[in-house]
Amino acid sequence: MASKFNPPQYLVSPPRTELYYSQYPKPFISPPTTHIPDPKLVINGGSTLSGHVTINGSKNSALPILAATICCSGSSKLKNVPCLSDTSTMASILKSLGARVTSFDGDIVVNTDGIVSVEPDLSDIGKIRGGFFVLGPLLARFGEAIVGLPGGCDIGARPVDLYIHGLRALGATVELRDGKVQAHVSNGKGLTGASFRLGYPSVGATETLMMAACMAEGKTVISNAAQEPEIIDLAGFLTNCGAVVEGAGTDTLYITGRRKLYGCEYSIMPDRIEVGTYMLAAAVTRSCISISPVPHRNLTCLVDKLSGGGCKILQLSDDTLELSAVPQMIGDDLRGFNIKTNPFPGFPTDLQPLTMALLSTCKGVSVIEESVFENRMSHVTELQKFGANIQVSGSRATVYGKGKASPLRGSQVNATDLRGGMSLVLAGLAAEGITEISGISHVDRGYENLEMKLQGLGANVIRTTTTTFPV
Ligand SMILES: CC(=O)N[C@H]1[C@@H](OP(=O)(O)OP(=O)(O)OC[C@H]2O[C@@H](n3ccc(=O)[nH]c3=O)[C@H](O)[C@@H]2O)O[C@H](CO)[C@@H](O)[C@@H]1O
Ligand SMILES: C=C(OP(=O)(O)O)C(=O)O
C-alpha cells in the first residue's frame, strides 16, 4: 500500500538528470548551458503533512561568507553550505576571479590566494543579489574591484547607493560606469577606517562594509547597521579569520582593521527563513510537524504571530520545534492576524508572501504591510487564481480569509520570485485538487531538496517538465 515513505509511482520524482543540478547532493557543479525547459512542480493538494523536516544552512549567510573568503589568505572550509542554485552561482563568481572552490564530503573549501582578476563574471553577478557582496572584499584585499549590478528577486529597485557611500567613507573612489560599479583605492595603502551612518539598515550594505572595514587601516564605526542574524553569522566567520568585530546583532558595529585575515573552518547557521517556511507549510495544511535545527531566538516574531492565530508551538528540545495546527488542537480554526514587515527583529519580509498564503486560509480579515521592499506583492495575482480573496493598495494587502469551510482550489500558476514562488507551493499544498507551478527555478534559488522534503512530510508533489499532471 502507498504511504508517504512509499508513494505511488506517479508521485515519484522522475529520474535525475543534470537538469536537477540544484537538487543533487553534489554542490557546485555548473548549471546546464543548453536550453532545457523550466521544470514545474505539480502538487495534488489538500492532504495533511506529518513527520520531521531537517533544515539546511542559511542561503543569506552562506552568500556573504563565501564572499568574505576573498579577504582570507589560505583556505576556508565552510560546513553546512546549502546546495542551491544561488550558492552554485556564487561559487562560479569566485572561480571567475581565479579562486579555487572545491567540495569535499559536503563541505566547501575555498582558497582565494590565486585570485587573478578583480572583475567577476558579469552574467553570474546579474543572476543573484549576493554576488555583489564581493565588491567590499575585493576592494579591501586588492585595492580595486569592477562589479556589475546585482540581480536577485525582482521585488523593488534595490539600489546600491548605501554600499557606494560607505565605501567612499572608507576612502575608495567609486563610480558607476558602463553598468558596473568601478572602485579603487588610490592612496597606495588601502582602505582607511571611518565612522559613518547608513541611511537605512541594509543587510547587504552592512555586510559589504563590514567585510571591507575588517581589512581597513584603523577603526570603523558603522551606525544604523542591520541587526539580522546573518550579520552575526558573518561576524562569527570574520572573527574566526582574525578580524575584530564588535556589536554584531546591534545597530552599531565597531571594527578594528587587520592587515591580513586567515582562512578558517566555519559552519553556516541554519536557515531561519526555511524554518519559517516549513512552520507555515504545517499551518496552511492544518498539520503537525517537527523541525530542526531551529535557531529559536531568530524566529520570535513569527512564533508570536502564529501562536496568536491559534497554532500550538512547542519547543521539543534545544534545537527542535513542533508546530501543530491540527483541528483537534486549535479548536474552531486558525484566525487571521496582521503583519508589518520590518528589518530584524521585525517581521521578516522574506516570509511575507508565505504568510499571505496562510492568511488566505484562516478565518477573518488580515492586513499585511510590506515596508522593506516597494514591489513585493507580485504573488497576489497568482494567489488569487487559487480563489484567495486579497485586495492590494500600494504596499498594503487586505486578506479576506476563507476559513476551512471554503478551501483554496488547485490552479495553474507561475512563480516570478523566490518567496512569492514558495507562497504558491504553500497554497498548492492547502488547495483541493491539482496545482501546477511554473518558474520553479526561482524557488530553487533558496530551497534545497524542496520536493524531497515535502514528499518526506507526506505531500503529493513532483517535479516534471511535462505539461499535465500524470494521473
Ligand atoms: C542575499 C540576501 O541576503 N538577501 C536578503 C537581503 O537582501 P538585501 O541585502 O538586498 O536587502 P537590503 O536590506 O539591502 O534592502 C532593504 C531595503 O533597502 C534598500 N536599499 C538597500 C541598499 C542600498 O544601497 N540602498 C537601498 O535603498 C532596498 O532597496 C530595500 O528597499 O536582505 C533582505 C532584507 O531582509 C532580504 O529580503 C533578502 O533575502
Ligand atoms: C529576496 C531574497 O533573496 P535575494 O536577496 O537573494 O534576491 C530572498 O531570499 O527572499
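Domain bounds here come from an automatic or database domain assignment. The model is predicted: local features need pLDDT of at least 70, side-chain atom pairs count only at pLDDT 80 or more, and totals for chains, interfaces and linings use all residues. Residues are numbered from 1 along each chain as its sequence is written, while chains are lettered from A and ligands numbered from 1 in the order in which they are written.

The protein chain splits into domain 1 (9-56 + 271-464) and domain 2 (59-267). Their centres, taken over C-alpha atoms, lie 30 Å apart. Domain 1 gives 26 residues to the contact and domain 2 gives 23 (C-beta atoms, placed from the backbone, within 7 Å). On the domain 1 side, 10 of these residues are nonpolar, 8 polar and 8 charged. In this scheme, Ala, Val, Leu, Ile, Met, Phe, Trp, Tyr, Cys and Pro count as nonpolar, Asp, Glu, Lys and Arg as charged, and the others, Gly among them, as polar.

Ligand 1 has 22 residues around it (C-beta atom, placed from the backbone, within 6 Å). Asn 60, Leu 162, Ser 202, Val 203 and Gly 204 come nearest. Two or more shell residues come from each of α1 (59-68), α5 (161-169) and α6 (203-214). Such helices are DSSP runs (H or I, at least four residues), numbered from the N terminus. The shell holds 12 nonpolar, 6 polar and 4 charged residues. Each domain supplies at least three residues to the shell around ligand 1.

Methods: Two residues are in contact if their C-beta atoms, placed from the backbone, lie within 7 Å.
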